[in-house]
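Welcome! Take a moment to look over the chain before reading on. The report below walks through some of its features, starting with pairs of charged side chains.

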Amino acid sequence: MQALNDLTFGVEFEFIVRVPIAPYRAATLGKSWCLGTIDEPEFMGDPQLSKRTVVPSSIRHAVHLEIAQTLRDASIPCNEVGNPNDFSMWAVTHDNSIRPHKGQPPNYLGLDDAEVGVELKTRILPFSEKSLEEVRYALKVIKEKFQVRTNDSTGLHVHIGRDKPRDSEDIFALSTLKNLICLVTIFEFQIERIHPPCRINNFNCRPVRDCFPKTRSLQYALTQINAQCTISDLVALMSIYGNIVDMSGNSAYNLRQLLGGY
């Protein structure tokens, strides 16, 4: 049996922060800070909802800087914004899939406030209660300082790894990965019951069953999984959705990170 006492994890939290615009004017002096609008395809056909507010990158960057500094002031090591690839520290970044306006009426903010999408990444953490306490503390610090909310466009991602070099070929045994994928394939519908409807059949977290022809049985899927001879083969199998190859970044269970990821 493979020892798992060196397991690590990391979490990416997506959320929305509402801020008053006025304090950020000085921080973005000389840059365009006025709010604008942009066509939003999902609202096309309804002239009252065909535009949404766009927060310029200068304000978004200023908000991210403030969040990062807030974490550092609370003794949480955090990267400089724009340098999110040092996984020994927390990081504050942006994700284009976060849409603060989603589900809101037009002009719901008025002219004095703005909402900014935030992706907060933990550092690589060992599996321990102390690590969970660090995560709870960081989220508490942010919620006490900022007005935070979520919507159907936000989510979170959990990365699982081991305390080994990122280019190691034996991070997890092939048999372990096969067992995991078989488990989530068999019980996928049951697992989905703990998730909100917006995360089921979501483009950004495609279900495992989409990797296999809909006309095929569960037994066919399990046979295909167990037939793979290498981790690379298994990753390739679980990265094909219909006729689209390498959709692993949009999978609810993304194995491609095993080939050199977080």
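## Salt bridges

A salt bridge here is a side-chain nitrogen of Lys or Arg within 4 Å of a carboxyl oxygen of Asp or Glu. By this rule, the count comes to 11 salt bridges. Please keep in mind that this is a predicted model.

One of these bridges joins the side chains of Arg18 and Glu115, at 3.2 Å from N to O. Arg18 lies in strand β1 and Glu115 in strand β5, so the pair ties together parts that are 97 residues apart in sequence. Arg18 counts as partly exposed because its relative accessibility is 26%, whereas Glu115 is buried, with a relative accessible area of 5%. Arg18 and Glu115 also belong to a network of salt bridges that includes Arg149.

Arg123 and Glu134 make another salt bridge, with their closest N and O atoms 2.8 Å apart. Arg123 is in the loop between β5 and β6 and Glu134 is in helix α3, so this pair ties together parts that are 11 residues apart in sequence. Arg123 is partly exposed at 23% relative accessibility, while Glu134 is buried at 18%. The side chains of Arg136 and Glu129 meet in a salt bridge as well, at 3.0 Å from N to O. Both partners are partly exposed: Arg136 has a relative accessibility of 47% and Glu129 one of 44%.

## The chain as a whole

Let us step back for a moment. The chain has 7 helices and 8 strands. Of its 262 residues, 41% are buried. Among contacts with a separation of 6 or more, 71% are between residues 24 or more positions apart.

Helix α3 covers residues 129–145, which makes 17 residues. From its first C-alpha to its last it reaches 25 Å, close to the 24 Å expected at 1.5 Å a residue.

Which residues of α3 are buried? They are Ser131, Glu134, Val135, Ala138, Val141 and Ile142. Seen down the axis of α3, the buried residues fall within an arc of 125°, so they line one face of the helix. These buried residues pack against β1, α2, β5, β6 and β7. On the other side of α3, Lys130, Lys143 and Glu144 are exposed.

Is Glu119 buried or exposed? Glu119 is buried because its relative accessible area is 5%, and the cut-off for buried is under 20%. Leaving aside neighbours within four places in sequence, Glu119 is in contact with Glu12, Phe13, Glu14, Ala91, Val92, Thr93, Asp95, Ile98 and His157.

## Two features to find on the model

What forms a nonpolar patch on the surface? The patch is made of Phe127, Leu156, Val158 and Ile160, which together have about 380 Å² of accessible area. Ile160 is found in strand β8, residues 156–162, and counts as partly exposed at 41% relative accessibility.

Our last stop is a backbone angle. Most residues other than glycine have a negative phi. Ser75 is not a glycine, although it has a positive phi of about 70°. You can find Ser75 in the loop between α2 (57–73) and β4 (91–93), where it counts as exposed at 67% relative accessibility.

Note on methods:
Residues are numbered from 1 along each chain as its sequence is written. This is a predicted model: local features need pLDDT of at least 70, side-chain atom pairs count only at pLDDT 80 or more; totals for chains, interfaces and linings use all residues. Side-chain values use heavy atoms; hydrogens and water are left out. Patches are made of residues with over 30% relative accessible area and no salt bridge: like charges are joined within 9 Å, nonpolar side chains (Val, Leu, Ile, Met, Phe, Trp, Tyr) within 5 Å. Accessible areas come from the Shrake-Rupley method with a 1.4 Å probe; for residues, only the protein chains shown count as cover. Helices (H or I, at least four residues) and strands (E, at least two) are DSSP runs, numbered from the N terminus. Buried means under 20% relative accessible area, exposed over 50%, partly exposed in between (1.4 Å probe, protein chains only). The expected span of a helix is 1.5 Å times one less than its number of residues. The arc is that of the directions from the helix axis to the C-beta atoms. Contact means heavy atoms within 4.5 Å.
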